[in-house]
Amino acid sequence: MKGFFNQFSRRKFILTVGLSASAVLLKGCLGNPPENLSNGGGTTQAAVKQVANISPEQTPETTTVKLGYIPIVEAAPLIIAKEKGFFAKYGMSNVDLSKQASWGSARDNVEIGAAGGGIDGGQWQMPMPHLISEGLITKGNQKIPMYVLCQLITHGNGIAIASKHQGKGVSLQLAGAKSLFKELKSSTPFTAAFTFPHVNQDLWIRYWLAAGGIDPDVDVKLLTVPSAQTVANMKTGTMDAFSTGDPWPYRLVNEKIGYVAALTAEIWKNHPEEYLAMRSDWVDKHPKATKAILKGIMEAQQWLDNFDNRKEAAQILAGRNYFNLPSADILAEPFQGKYDMGDGRKIDDKSMAAYYWKDGKGSVSYPYKSHDLWFITESVRWGFLPKDYIANNATKAKELINKVNREDIWKEAAKEAGIAAADIPTSTSRGVEEFFDGTKFDPEKPEEYLKSLKIKKVSF
Ligand code: CA
């Protein structure tokens with residue numbers, strides 16, 4: 001066990017010299033984004049000047065990459081890096097951000113890669129990169145090796161409940177709602193939706209229900225609904241709850257269809273959320289371009305964490321080319337930690353806002369291996385992954401994490417970007433994590449965590 005979280009992986013990139021033939025082909029296939037971006041203007045004068053200053057050792061092998069995103073606040077570092085010229089500043093002048101209709105589409109598109117009309121990587125819920133790498137959610141169980149390169153965000157997600165359940169105890173603590181769930185179970189079970197099975201949103205709903213004594217596999221009905229359909233489904237009364245990223249929970253409150261029972265920031269303060277991950281073949285072929293992408297994202301994350309920039313960020317994200325929201329206010333208020341929960345509860349606390357670079361526990365951007373391990377452990381808890389990933393000192397989980405998590409590339413990029421040593425974590429473990437119900441996850445003892453949980457599908 002010891003050594004896993006403190007080792008410094010020194011796997012070397014496969015170096016490619018110059019612009020390869022496939023990169024030229026790639027560029028030819030991509031074409032232009034469907035719409036010209038009207039907000040922000042992309043490359044600034046300062047960025048153009050900076051490009052000339054990139055040293056030959058850091059000049060990317062290609063200026064072109066295609067990254068997928070889902071229109072929720074998790075995507076902000078990608079969009080800001082493009083719109084504020086941070087990608088261009090490090091030489092990535094042709095980053096194509098491709099809006100994905102659903103997580104399933106993102107998965108399908110990364111399977112074929114940009115060369116086949118898909119994407120090279122992008123924004124992911126966890127542990128999608130691990131599941132894709134293992135061939136567990138791909139067509140024909142084909143293994144598509146991926147690398148996790150940085151975390152994009154913490155917080156910014158919530159669990160929304162249909163208005164008809166107002167005042168019945170369906171809140172962060174569920175002690176007062178047990179009889180309601182029991183009553184519904186005998187007629188039409190409480191139905192909760194997430195945007196893709198077995199990943200973040202599914203895991204947040206399950207954690208919250210189980211902490212309140214509700215068994216997600218027995219007492220409720222869980223299903224997959226794309227974010228954009230959640231409002232419609234809740235309006236028609238076919239859905240009682242859903243979990244997704246901002247602005248969706250807040251839109252429900254604004255449209256008076258529902259309320260927010262819990263922010264994920266309340267379930268697990270400073271929790272891991274979504275990540276940047278890319279096909280490993282793209283990264284291995286373009287090590288300098290990968291670090292240039294990371295440097296652009298790191299700069300965007302720091303820019304986003306300056307709350308003075310958040311009004312502008314909300315305007316850029318709400319724009320027609322990105323989230324296409326009726327008003328930027330839907331994003332601007334949560335960005336300041338202001339949440340009207342819709343049940344009379346109002347949160348005005350900056351520590352509950354989304355963070356992109358640093359939070360109350362340290363680095364947000366750095367991909368801690370201990371967080372990958374929590375996602376794998378939680379997947380074992382619900383039977384999504386076999387028990388042997390965690391049994392025997394989590395050897396199988398760690399082997400997978402060591403293949404997929406490339407925190408070493410993050411560190412190299414951070415050093416090249418001149419990030420202060422104090423902002424570069426020295427351990428791959430963030431240490432013991434604590435949840436709202438008092439449960440603790442010690443990444444050195446994932447089996448003990450599973451043993452301590454009352455409601456689970458796996459026996460430990
Ligand atoms: Ca999310």
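## Calcium site

Gln 201 is buried, at a relative accessible area of 1%; buried denotes under 20% relative accessible area, with a 1.4 Å probe and protein chains only. Glu 273 is likewise buried, at 0%. The model is predicted: local features need pLDDT of at least 70 and side-chain atom pairs pLDDT 80 or more, while totals for chains, interfaces and linings use all residues. Residues are numbered from 1 along each chain as its sequence is written, and side-chain values use heavy atoms, without hydrogens and water.

The calcium ion has as protein donors Glu 74 (OE), Asn 157 (OD1), Gln 201 (OE1), Glu 273 (OE) and Glu 274 (OE), at 2.2 to 2.5 Å. Donors are N, O and S atoms within 2.8 Å of the metal (3.2 Å for Na, K and Ca), and sites may look incomplete because water is not among the atoms. The donor residues follow the spacing E-x82-N-x43-Q-x71-E-E. Gln 201 belongs to helix H8 and Glu 273 to the loop between helix H11 (264-267) and strand S10 (275-279), so the pair ties together parts 72 residues apart in sequence. Helices (H or I, at least four residues) and strands (E, at least two) are DSSP runs numbered from the N terminus.

## Nonpolar cores

The largest nonpolar core has 82 residues, of which Trp 124, Ile 161, Val 170, Phe 190, Trp 208 and Trp 374 touch the most other members. Such a core joins buried Ala, Val, Leu, Ile, Met, Phe, Trp, Tyr and Cys residues through side-chain atoms within 4.5 Å. Helix H8 (residues 200-211) gives the most to this core, seven residues.

Beyond four places in sequence, Trp 374 is in contact (heavy atoms within 4.5 Å) with Leu 203, Trp 204, Tyr 207, Trp 268, Phe 435, Phe 441 and Tyr 449.

Definitions and conventions:
Buried means under 20% relative accessible area, exposed over 50%, partly exposed in between (1.4 Å probe, protein chains only).
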